[in-house]
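Good morning, and thank you for making time for this item.

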Amino acid sequence: MTEPGTLNFLWSQQLVAGFVAAGVRHAVISPGSRSTPLALALLRQPRIACEMVIDERCAAFFALGIAKATRAPVLLLATSGSAPANWLPAVVEASQAGVPLLLVSADRPAELHGCGANQTIDQLALFGPHVRARHALDAPHEGFAPARLHALAAQACAQARGPLPGPVHLNQPFREPLVPASDCPPVEVPPLLRGVAPDGVPDAVAVRELARRIAGRPGAIVCGELPASPGFAEALTALAAQLDCPVLAEPLSGLRFGRHDRSQLCVRYDDWLPTAPTGEWLLRFGAFPVTKTLQQYVARARAVHALVDPWPRWNDPVHRLTDLLHADPVAFCRAMLAERPASVEPAWRAVLAEREMAAADLANSPDNPIAALIAALPEGMPLFVGNSLAVRDLDRASGSADKHLPIYANRGVSGIDGNLSTALGIAAVTGRVVALVGDLTCQHDIGGLALAAGRDAVIVVVNNGGGGIFELLPQRALPEFERGWKMPQDIDFSHAAQTFGITFLRVDSPEELHAVLTRAFAAGGPHLIELRQ
């Protein structure tokens, strides 16, 4: 009979081997006792890169960042009790944003539930509707079949990948003892076992009918946040050229920066779109727009309002859709091009292009910190942008350029929690990152600064004295505005940087910001730059 601690470890080795076979390459682990067998199996598995993060909330957002950068499931492990409950904000974000995570919570065995055992709660229901699937595993037992654990790992990975990517929860109970009594040899990883995702081929009849309805008519393409997809920028801009229509592209669309054709792009629409004509059709890709200006433009009635979405969800908060095509965006654009729809008269795009050119000076203003930031970023530098004002300022003033800049944000539920941890998770994969966040966003995830150690990560904190986003909302007129909404904080970011061993710099102008960023990139390592406004 196998000693219980050794049995726990053998079981965990086989489960981890199944995850490896299913394509898992990254794990984020928070230390704990009950999770020891799985933590040990992960740390001894050479094909999985493990990151240790003390704070479970930071760990979950850190895993979210890794998954955003890799578009592959990342395993998250914590001990029992309140530990996995700290994952909830990141789980909600991953669910709404379509990011694959594998949530593995260790647990007490069944005989310790419902009897007052310490650190024991109903963990299987922790995440409610925010997971794609949940699996209650058995406690390790004699005679278990490794193939069953391999299949379960593959199933969980397939569920996390899609058709609508998101988190999957596995709850694994262990009986004590939790440490193996003897050394166990490595187990063999089974052959590759992965679920097959839908191919995303667009419906040919629907594409042909849509092409017929928009051909030769004035309209526009709107692109919100999209996961990076090879060939999308080229296919989308080729379609826009064929239709000779403007493309209203948000920064998170991946269209503003790169060497693809950007002649159809409009990126300064915030200044002129409210009075622009709508045209007869609108073709949308990606998430619903960030800014109120573009949201209101999308909401205006048109004869045709089509959305191309690779995921099986309903993404129409303004209730204006006439066509919803679940298809891979690249495949859809190529299918539309094959129909060769006629372009509209040149005067249509010329009207909007004139307005775009008139607003061009904004992005080059010497008083614009966003322009200074974009100018300083080297080719290929990942940029993570925080919510509230930061992402809106980037949308309004980033402009467009030839250099490729992958841009990320947590726009699933648009929270300010976990933004630093997410950015540093991206750095764990890409090797570097720049994060642009507000002062409250930084303070909200101050513990995430611990994850910056040893990384080429530059965090730019725009300190505008509290919740600047509320300055744009009706709450500003309330007598309780300062106390109840803006909440200016008296925090010295230099002390925070010193606590976590991060180089700190403070600047007061965009010119200074550009110079300091350039020096930080050259020096390498973690930097916290406070831009006071």
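Predicted model: local features only at pLDDT ≥ 70, side-chain atom pairs only at ≥ 80, totals over all residues.

Residues are numbered from 1 along each chain as its sequence is written, and side-chain values use heavy atoms, with hydrogens and water left out.

Let me begin with the chain as a whole. The protein chain contains 18 helices and 18 strands; these are DSSP runs numbered from the N terminus, with helices being H or I of at least four residues and strands E of at least two. Its radius of gyration is 25 Å, close to the 24 Å that the globule rule gives for 533 residues, so the chain is as compact as a globular protein of that length. That radius is taken over C-alpha atoms, and the rule is 2.2 Å times the number of residues to the power 0.38. Along the principal axes, the C-alpha trace spans about 80 × 60 × 45 Å.

How much of the chain is buried? Of the 533 residues, 54% count as buried. Here buried means under 20% relative accessible area, exposed means over 50%, and partly exposed lies in between, with a 1.4 Å probe and protein chains only. As for contacts, defined as heavy atoms within 4.5 Å, residues 24 or more positions apart account for 76% of those with a separation of 6 or more.

I turn now to individual buried positions. Val308 sits in strand 11, residues 304-309, and is buried, with a relative accessible area of 0%. Leaving aside neighbours within four places in sequence, Val308 is in contact with residues including Leu283, Phe285, Leu325 and Phe332. Gly286 is also in contact with Val308; the two C-alpha atoms are separated by 7.4 Å, and the residues are 22 apart along the chain.

Beyond its neighbours within four places, Ala63 is in contact with Val28, Val74, Leu76 and Leu101.

Setting aside neighbours within four places, the contacts of Glu56 are with Ser30, Ala78, Ala83, Asn86 and Trp87.

Gln45 is a loop position, between helix 2 (36-43) and strand 2 (49-52). Gln45 is buried as well, with a relative accessible area of 9%. Apart from neighbours within four places, Gln45 is in contact with Val16, Val20 and Val189.

Finally, the salt bridges. A salt bridge is a side-chain nitrogen of Lys or Arg within 4 Å of a carboxyl oxygen of Asp or Glu, and by this rule the count comes to 19.

Arg455 forms one with Glu51, the closest N and O atoms being 3.1 Å apart. Arg455 lies in the loop between helix 15 (439-444) and strand 16 (456-463) and Glu51 in strand 2, so the pair ties together parts that are 404 residues apart in sequence. Arg455 is buried, at a relative accessible area of 16%, whereas Glu51 is partly exposed, at 23%.

A further salt bridge joins Arg175 and Glu111, with the closest N and O atoms 2.7 Å apart. Since Arg175 lies in the loop between strand 6 (167-173) and helix 7 (204-214), and Glu111 in the loop between strand 4 (101-107) and strand 5 (133-136), the pair ties together parts 64 residues apart in sequence. Arg175 counts as partly exposed at 37% relative accessibility, and Glu111 is partly exposed at 45%.

Asp138 and Arg148 also meet through their side chains in a salt bridge, at 4.0 Å from N to O. Asp138 is in the loop between strand 5 and helix 6 (146-161), and Arg148 is in helix 6. Lastly, Glu471, Arg476 and Lys486 are linked in a network of salt bridges.
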